[in-house]
Amino acid sequence: MSAIIRRTVPTIAIAGAMMLMATGCVAGENATASDSGAADGAQEWSTDTLSIDFATYNPLSLIIKEQGLLEEALGEGVTVEWVQSAGSNKANEFLRAGSIDVGSTAGSAALLARANGSPIQVIDIYSQPEWAAIVVPEGSDITSVADLAGKSVAATAGTDPYFFLLQALETEGLSVEDIQVQNLQHADGRAALDAGSVDAWSGLDPIMAAAEVESGAQLIYRNVDFNSYGFLNATEEFITEHADVAQVVVDAYEDARAWALENPEETAALLAEVAGIDIEVANTVIQERSNLDVSGVPGEAQLDVLRVIAPVLVASDAVQGGQAEIDRALDTIVNATFAEKATEGR
C-alpha cells in the first residue's frame, strides 16, 4: 500500500513545486526571500521550522505526511515537525501553547477555542464529515437519546462529539445535567464502553467505526447536521509572520484532497495503517462518513453550522464571555485568503 502511495509523490510534489515557483508564494510580513531569489534558485522562507499536526480524524493530513508534500515543497530550508493530535481538544491545546503552528479540529471546537481567547483562524476546510454519533454496547437496553437520562456517558469535552451530545440531548428536552458525563479522550471513551464502565459514548471516527466492527457497538443516534466541518486552523502569529509557509500548507491540503478523491481505496488503506484499524473500518470512514469533496474555502457554509451550535456553547457555560465572545469569534474566525488562492483554477 505504501509503495502505491509513494509512487504518486513525484507527480504531486513536482506539480506543487511548479505552482509555488509560478506564483512566487505569498511572502510573510517578515519574509527573508529577496525579489530575485537565492543565487542557487532555492526558495528562501520566512521561518526555518513548521510545526503541524496530523490526526486520524483528518485523512488529508495523513496523505500530506506520508507523501512528504510539505517537505518536498519547502526543501531543506524548513524543518517540518509533525505532532499527532488525539482529538480537537488536544489540537487546540497545542495551538494555544504555541506547540504547533497549524492544527486540525472540528469547527465547533475551533469556535469554542477562539471565543475563549485562543488566537486562531480557520485557513482551510479539510472535510464535511459525519464523524460523531451516540454509541452503546451490543445488547444495551438504551435505544434512544431519551434513554440516556440518568446514565453515564463518555465524551471528550471541547470536541465535536461532546457538542453533538449536547445537541442530541436538547432534541429530547434533556441537558448535560440529566446525565453523568465522563470526560475521557476518544480512545478511552471507547475502552470504557467496552469495559462496561459507562452506559454510552459520544464517539468519533475512526475509533467509533472500529467499535462497531470489533465490539458490535450500536449507533443509536446519528444526525449529520449536528456534525461541524473539519477546520484547519493556524495561529494569527503564524498567519501574519509566515504567510508564505501558510500558503504552502494550504496548497498541500488541496493537492491531498485531489489525490484522495482520485484514490479512495489507497486513502482508506493509509488510514487503516496509521490508525491501526481494519481496512473494512477504514473504508466505512472514508467512503461513507467523510465528505472530502467539499470546498476548502472557509465561509458562510461553515458559519451557518456554527451559528446553530453557538447557543449550545453559551447555554453550557463553556464560553467565559458568553454570547458577546461567541459573536466576536464568529466575526473573526474565518481567514479564507490562502484557500481562495490555493483553489484558483482547480
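Two cavities of 30 Å³ or more are present in the structure. This is a predicted model, in which local features need pLDDT of at least 70 and side-chain atom pairs count only at pLDDT 80 or more, while totals for chains, interfaces and linings use all residues. Residues are numbered from 1 along each chain as its sequence is written, and side-chain values use heavy atoms, with hydrogens and water left out.

Rolling a probe the size of a water molecule over the atoms shows where empty space is left. On a 1 Å grid over the protein atoms alone, a cavity is a set of points where a 1.4 Å probe fits but cannot get out, whereas a pocket is an open set with protein on both sides within 12 Å along at least five of seven lines; lining residues have an atom within 4 Å of a point. Points are joined across faces, edges and corners, and a volume is the space filled by probe spheres set on them.

The second largest cavity holds about 60 Å³. Its lining includes T56, Y57, W131, D205 and P206. Sorted by class, this lining has six nonpolar, three polar and one charged residues (nonpolar: Ala, Val, Leu, Ile, Met, Phe, Trp, Tyr, Cys and Pro; charged: Asp, Glu, Lys and Arg; polar: the others, Gly among them).

Two or more lining residues come from each of α8 (186-195), α9 (207-215) and α12 (264-275), where helices are DSSP runs (H or I, at least four residues) numbered from the N terminus. Ten nonpolar, four polar and three charged residues make up this lining.

Helix α11 spans residues 243-262, and its 20 residues reach 29 Å from first C-alpha to last, close to the 28 Å expected at 1.5 Å a residue (1.5 Å times one less than the number of residues).

In helix α15 (residues 322-332) lies G322, which is buried with a relative accessible area of 16%. G322 and N116 are 206 residues apart in sequence, yet 9.3 Å apart in space, C-alpha to C-alpha.

Key:
Buried < 20%, exposed > 50% of the residue type's maximum accessible area, 1.4 Å probe, protein only.
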